[in-house]
Amino acid sequence: MSKRHSILPPAPSGPRPPTHLSPTLTISDSAVLTGTHSITLHGETVIHPRARLDSLAGRLTVGRRCVVHERATIGAVGASGRIVEAAVTVGDYVVVEVGAVIEAGETVVGEGTVVGVGARVGAGAVVGKHCTLTPHSEIAAGEVVPDFTVVYSNGLRRTDKRGVAELKNKGLARQIDVLRRMIPSNPAKFA
Amino acid sequence: MAALTPYTYIQCPCSDSPTLGRPSDASSPTSPEPDEDDRTFDPRAPRSNYSLYPLEYLLYCEDCHQIRCPRCVAEEIVTYYCPNCLFEVPSSNLKSEGNRCTRSCFQCPICIGPLAVTSVETKPDPSLLAAPDNTATPHSGPYALTCSYCNWTSTEVGIKFDKPNGIHAQLAKLRNGGATRMTAKERKERRKDPAFRAAAAAAIGSREQEDLDLETQFANLKMFYQNQLAHPNSADTGLSGLGDLGFSSPTSLSRIMSLYTGGGLQDKKAKSRVGAMREALDPDEGFQLASLDESAAIAQLQAETLDDTASAAQLLDQPPNIGEEHLYGRGRFASELRPIPYLLRTKRSKRCPMCRHIISKPEAKVQTTRFRIRLIAGSYIPSIAIRPLAISSGSSASGPAVPGALLEPLKPAHYLLTFKNPIFEPVKVTLGAPSKTPGRFASKVTVLCPDFEIDANTDVWDEALRETGERDREKERRRRRGEDGNHNNNNNHNQLEVGKIWERGRNWVSIVVEVVPASLALVAGQGPLREDEDVLEIPMFVRVEWEGDAGGDEVGSAPGGDKEVREKRELAYWCVLGLGRIRQ
């Protein structure tokens with residue numbers, strides 16, 4: 001099968017950011033890392049093709065065993081556009097699903113949180129640990145979401161009382177095992 | 001202001017009750033009904049809301065030759081099925097088991113998402129595509145219902161199941177919190193048990209009364225009042241002065257009870273007597289003390305947050321639980337919500353109310369979405385499409401160039417109505433529209449060509465093969481358009497002429513309607529502009545005539561049959577053309 005080429009000119013890649021990549025990282029060739037500040041990706045994290053990490057507004061940190069899906073954007077410059085010390089800090093075991101956007105500006109996503117398909121986390125929001133943002137839910141800029149919160153149905157909130165954080169982490173670790181075999185990793189491109 | 005796309009609504013003739021079911025027979029002498037015929041249909045009348053439908057909503061009875069709307073069809077339920085598992089439920093089960101799925105189909109009480117049965121111990125996250133767990137035995141231990149959307153789980157309300165199947169039966173026996181509860185049937189059986197009766201009698205003595213479930217309470221009350229009606233004199237009358245009016249009067253009671261039980265209690269004896277009856281006094285008579293002590297609920301409210309209370313929508317979705325004790329003080333908290341068994345859905349066939357012929361019948365199998373019979377009106381009556389017409393040559397008249405643009409008041413605008421004939425016979429269409437639209441703001445309407453004929457809906461290939469080239473077709477079209485001579489045709493064939501068809505094709509005809517929108521300036525003394533009063537709506541009477549087979553059944557049969565058996569058919573109805581909004 002021949003490789004499909006886009007007829008559009010390649011998107012102008014921004015400045016190459018200084019990166020700190022873990023040796024156990026799985027990062028696809030076609031992921032986009034751009035910006036001027038440093039991008040730190042910790043061990044066993046998986047970055048899917050065409051995921052976009054933008055450190056223009058400040059430093060990006062992604063924890064261990066995270067999965068960043070296709071077309072997800074971490075560090076999107078929000079409405080404010082100001083440059084801060086730590087633009088986005090993503091904890092361990094975080095899943096950022098397809099098309100989700102995490103805006104820059106001292107945004108924190110806590111451990112074990114799932115940012116659903118097409119969800120949006122505003123600049124400066126602090127999402128607690130083990131939260132679930134269901135698809136297309138939005139967290140306003142500067143909002144603080146407590147631990148174990150489920151955001152569903154156009155912004156309704158409830159507390160997850162399943163107590164399956166450990167199980168979820170185990171499941172995610174297994175998923176990452178599979179993904180590492182599926183996604184050809186090329187960290188050298190970003191080093 | 002929201003843009004308005006032009007629309008056509010058709011009035012179902014069922015709203016004029018005298019014409020219901022009467023096949024519009026051209027041969028029978030039509031009795032003159034001046035009131036009926038002179039009346040212009042007013043699309044703004046409050047009644048019209050209920051009789052106007054888009055063409056797609058309408059069905060057509062081939063025997064009565066009438067349009068049938070959703071209001072004037074008789075529906076019959078073909079199958080009951082669960083929308084979740086798509087299993088058909090026999091109608092005999094409905095009576096015994098209710099109108100909800102009794103398999104393992106449940107909705108989340110929080111977000112109404114579908115619930116899945118998962119093992120509590122090795123619960124995999126449904127949002128992850130994890131490989132099956134091989135560290136622990138996957139199918140073991142208690143099970144719970146979980147919602148993959150809002151992460152609700154039945155363990156939150158303390159419900160766990162021993163088996164992963166037959167959840168409905170297991171749930172019926174479980175109270176929120178995990179304690180078992182009796183089903184209504186078990187309760188009934190327990191009441192018959194003499195040992196239990198003795199214990200209950202002792203309990204009454206100690207003022208510790210048993211809670212009745214709704215079903216038992218109703219049965220007890222019914223029995224008590226039936227006894228009271230049979231022997232009203234045994235009661236010590238206290239409020240006899242009130243006579244018929246009070247709750248305790250036998251006549252009003254028997255009236256109320258006949259509403260619920262089907263009128264078996266209206267015996268003459270009870271009617272003739274006027275007197276008061278005593279009320280129920282103990283649980284055997286259906287008496288139930290309301291628990292007015294709400295301190296527990298108040299304490300819980302203080303301990304918990306607003307998020308822990310159930311919303312009105314969530315409470316409404318809860319199924320009624322006739323095995324439950326009483327309604328007082330229940331269902332305030334999210335912890336009291338229970339999984340909702342799916343409500344069953346139906347497939348229905350539709351019959352003509354007059355001739356009882358089936359006009360729509362879905363496939364009985366739940367999984368198929370096809371219809372066995374479906375006589376939609378769109379394949380019998382001409383469709384009307386509306387398009388604004390911008391005339392470049394005309395200096396005075398011009399329509400809105402963009403569809404959905406506002407109409408300028410007092411400026412003539414032109415609209416193109418395209419009638420498309422779906423049947424295989426040529427039809428003759430006669431239009432009638434009032435020169436002024438009804439309502440407070442009367443716009444002027446002129447249908448330039450109210451009388452025309454549409455060719456049959458013949459095979460597309462016939463047309464294509466008959467006309468060999470584009471030039472021939474264009475010539476043909478011109479010839480058709482200029483019906484009484486072709487002078488003046490070459491200079492400007494986009495000229496508006498009264499009595500001329502604008503354009504015609506294989507099975508369609510376009511005509512022009514000129515409107516002069518009214519000014520919406522309010523005269524002193526008039527009320528403010530009402531909702532949608534700025535929409536220009538034209539009532540139009542459409543009369544369609546064609547020659548069909550006399551057999552009556554096959555309107556859509558091939559032409560060229562015996563000339564003797566062909567008969568003239570006529571269909572007439574009102575429709576409403578919504579053209580656009582007038583600028584205020």
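## Conventions

Residues are numbered from 1 along each chain as its sequence is written, while chains are lettered from A and ligands numbered from 1 in the order in which they are written. The model is predicted, with local features needing pLDDT of at least 70, side-chain atom pairs counting only at pLDDT 80 or more, and totals for chains, interfaces and linings using all residues.

## Overall build of chain A

Chain A holds 1 helix and 21 strands. Both are DSSP runs, numbered from the N terminus: helices are H or I with at least four residues, strands E with at least two. The C-alpha trace spans about 45 × 40 × 30 Å along its principal axes. The radius of gyration of chain A is 16 Å, which agrees with the value near 16 Å for a compact globule of 191 residues. That radius is taken over C-alpha atoms, and the globule rule is 2.2 Å times the number of residues to the power 0.38.

Of the 191 residues, 46% count as buried. Buried means 20 or more other C-beta atoms within 10 Å of the residue's own; exposed means 12 or fewer; partly exposed lies in between; C-beta atoms are placed from the backbone.

## The sheet

An open sheet of 7 strands runs β1-β4-β7-β10-β13-β16-β19 in chain A, with parallel pairing. Strands pair if DSSP finds at least two bridges between them. β1 (19–21) and β19 (144–145) of chain A are the edges; each has a single partner strand, so one side of each lacks a neighbour in the sheet.

Strands β4 (residues 39–41) and β7 (residues 59–62) of chain A pair in the parallel sense over 3 bridges. There, A:I39 stands opposite A:L60.

## The helix

Helix α1 of chain A covers residues 165–182. Its 18 residues reach 25 Å from first C-alpha to last, close to the 26 Å expected; the expected span is 1.5 Å times one less than the number of residues. A:K168, A:G171, A:L172 and A:I176 are buried. Seen down the axis of α1(A), the buried residues fall within an arc of 150°, so they line one face. The arc is that of the directions from the helix axis to the C-beta atoms.

The buried residues of α1(A) pack against β5 (46–47), β8 (67–68) and β11 (95–96) of chain A. Exposed A:E166 and A:R181 sit on the face turned away from the buried side.

## Nonpolar cores

The largest nonpolar core has 70 residues; A:I74, A:V96, A:I102 and A:V115 touch the most other members. A core is a set of buried Ala, Val, Leu, Ile, Met, Phe, Trp, Tyr and Cys residues joined through C-beta atoms within 7 Å.

Terms used. Two residues are in contact if their C-beta atoms, placed from the backbone, lie within 7 Å.
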